[in-house]
Amino acid sequence: MVVHPLNPNLRRELSQSQLEDVISVYDAHDNLRLIEILLDADLFPLKDSYVPFLRHDRGALKRNPQTVNRIAGNLYQMGIDTIIERCTAPKETNRQMGPLFKNWIARDVLGVPIFSSPDDFLAMNDDCVLNSSDAVMQEFSLKFLGFKRNKGIDFLAKFNGKYIAGEAKFLTDFGGHQNAQFDDAVSSLHSFKTSKFEVIPIAIIDGVIYIKNRGKLHSYLLHHHKDNIMSALVLREFLYSL
């Protein structure tokens with residue numbers, strides 16, 4: 001049973017019109033327009049602390065011409081081929097996890113009705129799953145399940161009258177960013193507070209976490225038996241045991 005069919009060549013894309021516009025304004029050295037177009041891409045080709053701010057406030061481009069010129073200068077130094085290559089770089093493995101897990105759930109692997117509408121999910125008295133966008137599932141968790149974090153949820157289900165909610169992670173290595181992903185899942189696990197419904201928070205984690213060593217991840221498992229941390233491979237058995 002393949003839950004996380006990773007595609008290492010899953011590259012981002014620029015539309016043909018975006019590609020043509022980038023090349024055209026790059027050749028014309030139109031600094032402002034070049035940055036405007038690249039801000040619309042999924043991935044800006046260079047890391048700069050001002051880029052997130054400019055994405056949210058496009059008017060700031062005209063208010064900060066020196067910043068625009070500085071960023072543009074770095075882009076010209078990179079060259080057009082590198083700009084395009086970086087804009088279309090493959091998504092990081094961890095960023096594929098949420099959609100891949102939801103695609104797996106959509107294959108009816110749990111054997112219960114699957115809803116995309118929160119209203120239909122809430123109204124259903126029998127076992128069921130809500131499989132929708134991160135925003136929809138987050139809003140439902142905030143409104144009905146006492147969730148206290150400003151982030152999406154990967155899994156929402158109702159079994160035996162209980163609501164089960166949590167995140168799905170696939171950890172490919174130890175340390176650094178992978179530990180941060182683990183911490184993120186555990187934080188969500190403990191972020192469901194008072195609710196009128198019975199809520200069972202879970203963390204669905206696969207990968208290196210189950211390798212026995214002296215590292216942080218496996219050590220956490222050994223010392224936190226009450227936390228519902230499990231592989232997706234045993235999720236169905238867990239749900240039907242409730």
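Which residues does D184 touch, not counting residues up to four places away in sequence?

Modeller: D184 touches R149, K151, E167 and K169, with residues up to four places away in sequence not counted. Contact here means heavy atoms within 4.5 Å. This is a predicted model, in which local features need pLDDT of at least 70 and side-chain atom pairs count only at pLDDT 80 or more, while totals for chains, interfaces and linings use all residues. Residues are numbered from 1 along each chain as its sequence is written, and side-chain values use heavy atoms, leaving out hydrogens and water.

D184 lies in helix α10, residues 176-189. Helices (H or I, at least four residues) and strands (E, at least two) are DSSP runs, numbered from the N terminus. D184 is buried, at 15% relative accessible area. Buried means under 20%, exposed over 50%, and partly exposed in between, with a 1.4 Å probe and protein chains only.

Now the chain around D184. Its secondary structure comes to twelve helices and six strands. The C-alpha trace spans about 65 × 45 × 30 Å along its principal axes. Of the 242 residues, 47% count as buried. Take the contacts between residues at least 6 apart in sequence: 62% of them join residues at least 24 apart.

V51 is another buried residue, with a relative accessible area of 7%. Helix α3 (residues 51-56) holds V51. Its partners, again leaving out residues up to four places away in sequence, are L39, F44 and L46. From V51 to D154 is 103 residues in sequence and 28 Å in space, C-alpha to C-alpha.

L39 also belongs to helix α2 (residues 31-39), which packs with helix α1 (residues 16-28): their axes come within 9 Å and cross at roughly 155 degrees. These axes are lines fitted to C-alpha atoms over the stretch in contact, and angles run from 0 to 180 degrees between N-to-C directions. So α1 is roughly antiparallel to α2; the term covers angles over 145 degrees, against under 35 for roughly parallel, 65 to 115 for roughly perpendicular, and oblique for the rest. The crossing is left-handed, with the near helix turned anticlockwise from the far one by less than a right angle. From α1, the residues Q18, D21, V22, V25 and Y26 meet R33, L34, I37 and L38 of α2. The contact residues divide into six nonpolar, one polar and two charged. Ala, Val, Leu, Ile, Met, Phe, Trp, Tyr, Cys and Pro count as nonpolar, Asp, Glu, Lys and Arg as charged, and the others, Gly among them, as polar.

H29 sits in the loop between α1 and α2. Its phi is positive, about 55 degrees, although H29 is not a glycine. Most residues other than glycine have a negative phi. D108 also has a positive phi, near 65 degrees. D108 lies in the loop between α7 (93-106) and β1 (114-115). At 45% relative accessibility, D108 is partly exposed.

Last, helix α9, residues 134-144. M137, Q138, F140, S141 and F144 are buried there. Seen down the axis of α9, these buried residues fall within an arc of 160 degrees, so they line one face of the helix. The arc is that of the directions from the helix axis to the C-beta atoms. On the other side of α9, A135, E139 and K143 are exposed. G146 follows α9 and has a positive phi, near 70 degrees.
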